[in-house]
Amino acid sequence: MDNLSKFSEVLDSLMFERELNATQLATAIGIDPTNIMRYLRCVRTPSVENLVKLADYFGCTTDFLLGREPENYPTTFYPLPPFSEQLKVLKEHFNCPWWQIYKTAHITSSRFYEWKNGTFSPKLDNIILLADGFGCTVDFVIGRTKL
């Protein structure tokens with residue numbers, strides 16, 4: 001099962017538990033209802049921002065919502081820093097050169113420098129590759145939790 005299928009399954013379960021339809025959930029978190037429907041049908045991957053909105057609404061980790069963790073472990077969540085700042089945290093924490101980060105994310109150096117300069121934000125797939133490559137959570141990669 002791929003990331004999008006797992007995400008769709010967990011989102012559907014959480015909505016069922018709360019007796020929510022796509023319109024109600026979308027209204028509650030401030031996104032278009034068609035996005036929720038696309039997530040549920042495995043047509044679209046959420047942006048990092050929308051993933052965090054959903055996780056915050058359901059009080060869960062992004063890793064649980066993505067189906068990467070079997071349970072939702074209680075934790076403290078922090079406001080998301082700009083990803084350009086979080087890159088510095090990742091580099092320092094993992095004590096690695098810049099090139100290791102963009103190789104781990106499977107992106108070009110030019111795209112990486114757009115992340116580093118704050119002119120472009122990573123897609124969720126790249127965030128997941130970073131989490132897998134560094135053996136940490138998605139929440140840590142995006143700066144939502146500390147290790």
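How many disulfides does the count come to in this structure? A disulfide is a covalent bond between the sulfur atoms of two cysteines. By the rule applied here (a pair of cysteine sulfur atoms within 2.5 Å), the count is 0. Cys42 is in no disulfide, and the nearest cysteine sulfur, that of Cys60, lies 17 Å away. Cys96 is in no disulfide either; there the nearest cysteine sulfur belongs to Cys136, 11 Å away.

Before I continue, a word on the source. This is a predicted model, in which local features need pLDDT of at least 70 and side-chain atom pairs count only at pLDDT 80 or more, while totals for chains, interfaces and linings use all residues. Residues are numbered from 1 along each chain as its sequence is written, and side-chain values use heavy atoms, with hydrogens and water left out.

Let us turn to accessibility, where buried means under 20% relative accessible area, exposed over 50%, and partly exposed in between, with a 1.4 Å probe and protein chains only. Cys96 has a relative accessible area of 4%, so it is buried. Cys42, at 33%, is partly exposed.

Gln86 also counts as buried, because its relative accessibility is 4%. This residue is found in helix α6, residues 83-94 (helices are DSSP runs of H or I, at least four residues, numbered from the N terminus). Leaving aside residues up to four places away in sequence, Gln86 touches Pro81, Phe140, Val141, Ile142 and Gly143, where contact means heavy atoms within 4.5 Å.

Not counting residues up to four places away in sequence, Phe7 touches Tyr39, Pro46, Leu51, Leu54, Leu65 and Leu66.

Phe7 also lines the largest cavity, together with residues including Asn3, Thr45 and Ile128. A cavity is a set of points, on a 1 Å grid over the protein atoms alone, where a 1.4 Å probe fits but cannot get out; lining residues have an atom within 4 Å of a point. Helices α1 (3-17) and α9 (124-134) each supply at least two residues of its lining.

Methods
1 Å grid on protein atoms, 1.4 Å probe; cavity = no way out; pocket = protein on both sides within 12 Å on 5 of 7 lines; lining within 4 Å.
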